[in-house]
Amino acid sequence: MRWSKLFIPTLRENPAEAEVASHQLLLRAGYVRQLAAGIYNYLFLAQRSLQRIIHIVREEMDAIGGQEMLLPGLNPAEVWQESGRWTVMGDNMFRLKDRWGRDLCLGMTHEEVMTVIARGELRSYKQLPQIWYQIQTKFRDEPRPKSGLLRVRQFLMKDSYSFDLDATGLDISYQKHYEAYCRIFDRCGLRYTVVEAHSGAMGGSQSHEFMVASDAGEDLIVVCPKTGYAANLEKAVSRPVPPLMADPEGDLTPEEFHTPGRKTIAEVAEFTGLPETSQMKSLVMVADGQPVLALLRGDHQLSETKLATALAATAIRPAHPAEIREWFGADAGSLGPVGVKNMRILADLALQGRKNMIAGANRDDYHLRHVTPGEDFQAEFFDLRQVAPGDTEIHTGEPLEIFKAMEVGHIFKLGYKYSESMGLRVLDENGKEVTPIMGSYGIGIERILCAAIELYHDADGMVLPASIAPFHVVITPVNYNDSAQREGAEKLYSECKDLGLDALLDDRDERPGVKFKDADLIGVPFRITVGKKLSQGTVELFVRHGKQSTDVPAIEAPQRVKQLIAG
RNA sequence: CGGGGCGUGGCGCAGCCUGGUAGCGCACCUGCCUUGGGCGCAGGGGGUCGCGUGUUCAAAUCACGCCGCCCCGACCA
């Protein structure tokens, strides 16, 4: 294509609202324009790049037997009410009414609709397994869209769903997806980590996320380079650093002492001269309307996800100050488990076996010393603790690393949640009715592009992998008014096209600097520069990644580009 | 939903405190010039100053209300 005819609105300066690199560059390079918060127009370059990503996704999904469909974005309320998610999704769901006042919503994902198709048509075990997928626009009314295309309200997702006769079948479908996802992200040129993910209180049994390490990401992941352990922080387990001071020996009796104005763990630690690891942290939470007391070692953080999982709760929040006062007769800062009878007490595993610790006395400005779990109060023990820097791998004690990452894919064993609640049944080989088991698998299409930009950019712009760049190569005559250069460039352009390369001819009457800057910005991986040396039959081959430039014979240049892309 | 910031030509900003002429850089258009990293000269077009109400002789500027966008937090199948 000829640049002079294209709409590629590059910007010299960074738009003020863009914070993360991918957002800045997508705007500057003329890929996208914002229409509203979290809603973007994908212009020519973005569309090309996304189509190349989609092409890769489609090839790999087809390769594992996936069958592409296209389901409606507009859904009737009924199917979501059947699964119960009409209410569970809350404000994150875009809802609307038709002219008759019937409730509709915009699809956030398509488990329900896929299950409706399946239950209407699948009759026999002979029809299983099935893998159905689509590449489709999803709508989510995010409370806070941010970071350009990273968290938006409308986005493209490849979502697939597997239907199997039994758990063994699901394992196979799951594994197929796992491997297909690796191939997809490999082909897109991403460096990624597969982590164990929280599968939710929603009946899921196993789940992996495909994460790209980046400070622009919103997730934290825990990785052990030595053992290969990798998990989302929501799910990760670890061996905590040992307590800094041994507990006093013996079964001592709890003893109240005055702690005026000391509310935080740090203040109490300083006041008592005992480290935070000798303190017991008491957090009052409300899970599905029920109060619960969560206990942790003083230096540890509660994982609300783990607590919710332990309680099988769907909604969890910290208690309000008024609730705490009502239930405990004291304010946060002086709370503890001793004498608490009106709620469940869950304690983190790190408190198991500890004794004679410091805890709040449930009396303002008083704490207790010599508090021992199992003796002075009873608690249910669970892993409630968030992995912290310095923790080690739970089995080996090898060091763990924690870093930010963005989620580009997620695979999920759904189990029977939707097939059960929505009445999907088939007959097995004995003629007995059985409920198929499902899996659900998503890929964020735009996030692949964002992740690639976050991973591969420099001060001059994007450095996209050839597989997802909008063009493979740009042919840049230094002076388009020079007829020799112009003709040489035209020739190279058609040769590139003949080789099957996606070529862009920069036929604009611009100064060379402008053309170079623009080409660098939009991230085309290769550039053939046609200048004065053309008279000796030589052009320049510029490699965007690394910015190396070499003189090559003009007749060889297109083939060289093709080889570099293949290699 | 809590906290903070911003809204002035397409983009980036100044002007606002202390009310009175809307300004700069880039981009754009025309002409000349130039052609290896966002050239140069000259001329030119384009702005309901987010919206509304109020104060005032007079509002981009002051007050109140609303809307939008960004950031932090909460939230995030």
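Okay, one definition before anything else: buried means under 20% relative accessible area, exposed means over 50%, and partly exposed is in between, using a 1.4 Å probe and protein chains only. Now some housekeeping. This is a predicted model, where local features need pLDDT of at least 70, side-chain atom pairs count only at pLDDT 80 or more, and totals for chains, interfaces and linings use all residues. Residues are numbered from 1 along each chain as its sequence is written, chains are lettered from A and ligands numbered from 1 in the order in which they are written, and side-chain values use heavy atoms, with hydrogens and water left out.

So, salt bridges, meaning a side-chain nitrogen of Lys or Arg within 4 Å of a carboxyl oxygen of Asp or Glu. The whole structure has 43 of them. Take aspartate 391 and arginine 385, whose side chains pair at 2.8 Å, N to O. Aspartate 391 is buried, at 3% relative accessible area, and arginine 385 is buried too, at 4%. There's also a network, with Glu59, Glu60, Arg183 and Arg187 joined by salt bridges that share partners.

Next pair: arginine 325 and aspartate 364, with the closest N and O atoms 2.4 Å apart. They link distant parts of the chain, 39 residues apart: arginine 325 sits in helix H9 (residues 321-328), and aspartate 364 in the loop between S18 and strand S19 (366-371). Helices here are DSSP runs of H or I, at least four residues, and strands are runs of E, at least two, numbered from the N terminus. Buried or partly exposed, what is arginine 325? Partly exposed, with a relative accessible area of 35%, and aspartate 364 is partly exposed at 28%.

On to the RNA. Near means that a residue has a heavy atom within 4 Å of the strand. Around RNA strand B there are 40 residues, and Arg12, Arg140, Asn481, Asp520 and Glu540 come nearest.

A polar side-chain atom of aspartate 520 lies 2.3 Å from a base nitrogen of RNA strand B.

Terms used. A polar contact is a pair of N or O atoms within 3.5 Å; within protein, one must be able to donate a hydrogen and the other to accept it, and residues adjacent in sequence count only if both atoms are side-chain atoms.
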